[in-house]
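Hi everyone, thanks for having me. Let me put the structure up, and then we'll walk through a few spots together.

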Amino acid sequence: MDILDAIGGTSLVRLRTIVPATGAAIFVKLESENPTGSMKDRMAVAVIARAQANGRLKRGDTIVEYTGGSTGTSLALVAAAKGYPIHIVTSEAFSQEKRDHMAALGAKLTLVPSEGGLTTKKLILDMIETARTLSREPHTFWTDQLNNQDAIAGYHALGEEIWRQTEGQVDAFVQSVGTAASLRGVASVLKRHKPGVRVIAVEPAESPVLQGGEPGPHKIEGVGIGYRPPLWDATLVDEIVAVPTSEAKEMARRLAREEALFAGTSSGANVIAALRLAERLGPKAAIVTLVVDSGLKYLSTDVYRRAP
């Protein structure tokens, strides 16, 4: 067994304190248990393994990617385990912990400046173009997460785990949307097992593009890229919920204090959307959502940093 074998098989726990007594049961999958503290470990293994298998990634090639940090950290983990150099394009808009973690795993970093530390459509597009330029260098493999279909397969096992752990008693799945790979991978598995499962997509209220709104700046890291991601599949989604950044941050804090679950902002948004749904579905239903990553990735941000 090596470090990559430790990916997946994460715990499913029930929220006990913040849920209303008359609402549906809410279960969260602790993706923070993965080696880098993120669900992105799943897609990183799948993307790299498939690229190796079909010859797109050869021994000695450099892996290139644009990322808010969690995908880059996961790719850096896989690259270190498999012996590949890696060059990550990211930004100071994302937490220092993520950048430090990528560098610790051996990644070379190129930083793209943001507008006031906010996630915007322009920032994402600038990061993509920087990675595209790097990918033109010889002996380079660009994972290109927003367009890479292999990422979806990385989350099929997550869907199967949810199905087994709930013994098929799952009525809804809630997940925030960045690339849309995790929502699509899990939803396709759950709907194959149980076509009536409701799938709820979550996006920042400041940038409600999945609902046809205008893009805008926000601070829910890793989601809300400012346009519909290429991997988005509306046929799998029953509802879209918009959550403000401020509410997502406060819910992350509440999860730590009241449920002892240490998570990031997108996880807070997930739980808010799940709570809204729980009130509508009633006490006989079961909802599953994800603790996408660990709160350790956000200690330097205003999610958890105490004012001096």
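So, how many aromatic pairs does a search of the whole structure find? The answer is two. Keep in mind that this is a predicted model.

Let's take the pair made by Tyr66 and Trp142. Their ring centres are 6.1 Å apart and the planes sit at 70°, so we call this pair edge-to-face. Tyr66 belongs to strand β3 and Trp142 to strand β6, so the pair ties together parts that are 76 residues apart in sequence. Are these two buried or exposed? Tyr66 has 3% relative accessibility, so it counts as buried. Trp142 comes out at 17%, and with the cut-off for buried being under 20%, Trp142 counts as buried as well.

Now stay with Tyr66 and look across to β4. Its bridge partner there is Val89. Strands β3 and β4 run parallel, with four bridges joining them.

And β4 itself? In a regular strand, side chains alternate between the two faces of the sheet. Here, Ile86, Ile88 and Thr90 point one way, while His87 and Val89 point the other way. Five of the five residues in β4 are buried, so the strand is largely enclosed by the rest of the structure.

Next stop, Lys40, which is in helix α1, residues 40-53. Lys40 is buried, yet it has no salt bridge. The nearest side chain of opposite charge is Glu65, 8.7 Å away. What does Lys40 touch? Its contacts include Ser70, Gln145 and Tyr155.

One last thing: the charged end of Arg59 sits over the ring of Tyr84, 4.7 Å from its centre. Okay, that's me done!

Terms used:
Residues numbered from 1 in each chain as written. Predicted model: local features only at pLDDT ≥ 70, side-chain atom pairs only at ≥ 80, totals over all residues. Heavy atoms only, no water. Helix = DSSP H or I, 4+ residues; strand = E, 2+ residues; numbered from the N terminus. Buried < 20%, exposed > 50% of the residue type's maximum accessible area, 1.4 Å probe, protein only. Lys, Arg positive; Asp, Glu negative; His and termini not counted. Salt bridge = Lys/Arg side-chain N within 4 Å of Asp/Glu carboxyl O. Contact = heavy atoms within 4.5 Å. Phe/Tyr/Trp six-rings, centres within 6.5 Å; stacked < 30°, edge-to-face > 60°. Lys NZ or Arg CZ within 6 Å of the ring centre and 35° of its normal. Pairing = 2+ DSSP bridges. Lists of a residue's contacts leave out its neighbours within four places in sequence.
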